[in-house]
Amino acid sequence: MRNARAVVGQPTPLIDGIEKVTGQAVYTADLPAEGALVGRILRSKEAHGRIRRIDIEAARALPGVRAVITGADCPLTYGVLPIAMNEPVLAREVVRYRGEPLAAVAADDAVTAAAALALIAVEIDPLPACFTAAAARAPDAVALHADKPGNLEREVHHRFGDVEAGFAAADFIREHVYSCAEVAHAQMEPHAALASFDPERGQLLMQSTSQVPYYLHLMLARCLDLDPAAIRVVKPFIGGGFGARVEVLNFELITALLARASGGTVRMVLSREETFLTHRGRPETEIRLKLGITAAGRLTACAAEVVQRGGAYAGYGIVTILYAGALLQGLYDLPALRYDGYRVYANLPPCGAMRGHGAVDVRFAFEAALDALAAEAGLDPFALRRANLLAAPTETPNGLRVESYGLGTCLDWVEAASGWRARRGRLGPGRGLGMACSHYVSGAAKPIHWTGEPHAVVHLRLDFDGGITVLTGAADIGQGSSTVMAQAAAEVLGVPLARVRVIAADSALTPKDNGSYSSRVTFMVGNATIAAARALRERLVAAAAVLLDAPEAAVEDAGGQFHAGERVASFAEVTRAALAREGGAITAKGSFTCPEPFQGGKHRGGAVGATMGFSYAAQVVEVAVDAETGAITVEQVWVAQDCGFAINPLAVEGQIQGAVWMGMGQALSEETGYESGLALHASMLDYKVPTILDSPPIAVHVVESLDPNGPFGAKEASEGALAGFPPALAAAVADAVGLRMDRLPITPDRLLEALAQRARAGRLARALEVA
């Protein structure tokens, strides 16, 4: 019998890493396409208005222009959620944000395309615009959508446990308002698409920077009114996503429409500014949080009112506002919760899903409130968290199942590694330590588009060469999911990793997969891969039994060989025997579906937040604060994450560090900005992501709680740590300068203003004492 975990659990370079680091990887903008037309989009300069006229005749007559389209060429709306498809591909009748597509052209070259856009005449009658959630909710606000009075996309009201009794039992109560700026994904690769339409066959080939090729396939069929069988969607290499591409985007559908209108191939490469305008980032959020604890630190109740400014269209908004409430649970033992959530339309680019979807802003508020309560009650922040740990397996009041829970171990490690007990409060002026905890789902329990099919399907193919091909619709967007699938197949089959190849996300070759979002791939597609590998192994063992003249139960496989007593057959010999026995190439299928008990509570919206496994993380952040400039320097981060089991420890460590780094950006500098709807942040010079100069040492410790349902015990590893960084940083700043900041990002100017306000208040208090 082979040694357990010969492939999984081993630090493994990504199977596509060589192509990426040597420049061989071909991304969408670089795909060869001889004679491809250049696609360009004309965007609105009005934030809100009624379209009176879009005249495209002069543009259409320009030599070298092959197609010009407007909203009249696509009367259907689209969207990621079946119940909220309210976004036009190109604006029709009304424009709702500055930068919304109005028309598009396909031309022989970029110069001609730009000239054509300049020839399009547009007349828009301005309408009053709303740029804040408060303005959009005002009684006299103009409705962005006629069917959404009060500009409310969705309001949510959930009650779990006896909240009033919980607050009555509390010895300490903290009620405060926290605000978090809107942030963008700032992925390295700008959006791009390459579409080819064959007018003779009526067939479309789409290659795009998508995290969700299946959803793109659905919307192409819908908006172009094509038979799905006439569409092929292929995912090239992707230069990052972080949620920016987990819904179908307007430029993808526009590119396809241009390809059909021109009867050829169209390449659309968005500028960085256009990529920002396409957006789908984390919404600006205000959280009014009330939290109660006993003198011993036990949580008694929480009440949260959350308002999200969602932009002009629905997108993932309904899911985001539900996640914000659902994921207040699942981290600690919280007996009572009242949640009121409001997702609000505004005349700005649409928001959507972003790494840590729905959880990051509310976790900042919750952890910041916990830290303040710990100080008021005279409790150590670690002791307060330990007083509220869950005991797995358990079910939360809102119906979330927790089967594995390593948060206590995470706390132990970061406390010891950071020297918390010896160093906190003793680092000297302007230096401080802060801590926080966080968690995230390992895949959404229910698919967005319910078809009755499994949540994940994988095929394994074995042919004459003895190579094993994993066929999966799951999109590797840099997170290393294809490597995980290859490791899982190699582990179960007992073969070297080099024998396994992965073909991912080509609708003509691979089975359907719902996409790369909510950290679902490792858990769901990983389990499907294991099931397929086991099915293939059974067939190989059956062939080996015949070859070795032994019962199947007596056959063991190890190190690429099959044994039955003293008799041995190589993998190649067994492969030939199996192919002969089964009449040629062998395909084995594996699937996975989240069991019904894990699909959430019975309340409305209860499926959102439900999952089969939560990751858990704790982290300590050390900062140095310059009181003269307001500059915050992150000196060191210690983070421990319970990922169940690290299938690829090398990739897991990188994913955790990346999550911390993105949390640092939101905490310190990242923020979108608009002036009358005009984006002020739409370049990498104006949108301030941390650079390598800002990046601190990040010490990572992997905790393995071995989830009973995860593949080899694994859970998600790339999102859980993000939400803990902002509150840990805020706590470290409070430890350094004695100020609790309640607004993200904590920029130098905001910190300086808070320090100045404290100084003014101190001077006033002293003056009153003298008087």
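**Note on the predicted model**

1. P745 sits in the loop that runs between β33 (743-744) and α19 (748-770). The structure discussed here is a predicted model.

2. A cis bond is also found from A392 to P393, again with omega near 0 degrees. P393 belongs to the loop between α11 (381-386) and β18 (394-395).

3. Leaving out residues up to four places away in sequence, L668 touches I632, V634, L729, P745, I746 and T747. L668 is part of helix α17 (residues 649-668). Its relative accessibility is 17%, so L668 counts as buried, the limit being under 20%. Between L668 and L81 there are 587 residues in sequence and 33 Å in space, C-alpha to C-alpha.

4. What does L220 touch beyond its neighbours within four places in sequence? The contacts are L204, M206, D225, I231, V233, E252, L253 and A256.

5. The domain assignment divides the chain into segments. Domain 1 is 2-24 + 447-593, domain 2 is 31-127 + 188-240 + 245-278, and domain 3 is 356-365 + 372-445 + 602-756. The centres of domain 1 and domain 2, taken over C-alpha atoms, are 38 Å apart.

6. Where domain 1 and domain 2 meet, 21 residues of domain 1 contact 21 residues of domain 2. The size of an interface is often expressed as the accessible area lost when the parts come together. For domain 1 and domain 2 the buried area is about 1,700 Å², and 62% of it is on carbon and sulfur atoms. On the domain 1 side, I448, H449 and I477 lose the most area to domain 2, together 34% of what that side buries.

7. How many salt bridges are counted between domain 1 and domain 2? The count is one. Seven residue pairs are in polar contact across this interface, with both residues at pLDDT 80 or more. A salt bridge joins the side chains of D506 and R232, at 2.6 Å from N to O.

8. T483 lies in helix α14 (residues 481-493). Is T483 buried or exposed? T483 has a relative accessible area of 0%, and therefore counts as buried. Its side chain reaches the backbone nitrogen of I15 at 3.0 Å. I15 is also one of the residues T483 touches, together with T12, P13, L14, D476 and N648, when residues up to four places away in sequence are not counted.

9. Two residues other than glycine have a positive phi. For N151 the value is near 55 degrees, and for A186 about 50 degrees. N151 is in the loop between α4 (133-137) and β9 (152-160), while A186 is in the loop between β10 (172-180) and β11 (192-198). N151 is buried because its relative accessibility is 1%. A186 has a relative accessible area of 19%, so A186 is buried as well, given that the limit is under 20%.

Note on methods. Residues numbered from 1 in each chain as written. Predicted model: local features only at pLDDT ≥ 70, side-chain atom pairs only at ≥ 80, totals over all residues. Heavy atoms only, no water. Contact = heavy atoms within 4.5 Å. Helix = DSSP H or I, 4+ residues; strand = E, 2+ residues; numbered from the N terminus. Buried < 20%, exposed > 50% of the residue type's maximum accessible area, 1.4 Å probe, protein only. Polar contact = N/O pair within 3.5 Å; in protein donor to acceptor, adjacent residues only side chain to side chain. Domains from an automatic or database assignment. Buried area = accessible area lost by both parts, 1.4 Å probe. Salt bridge = Lys/Arg side-chain N within 4 Å of Asp/Glu carboxyl O.
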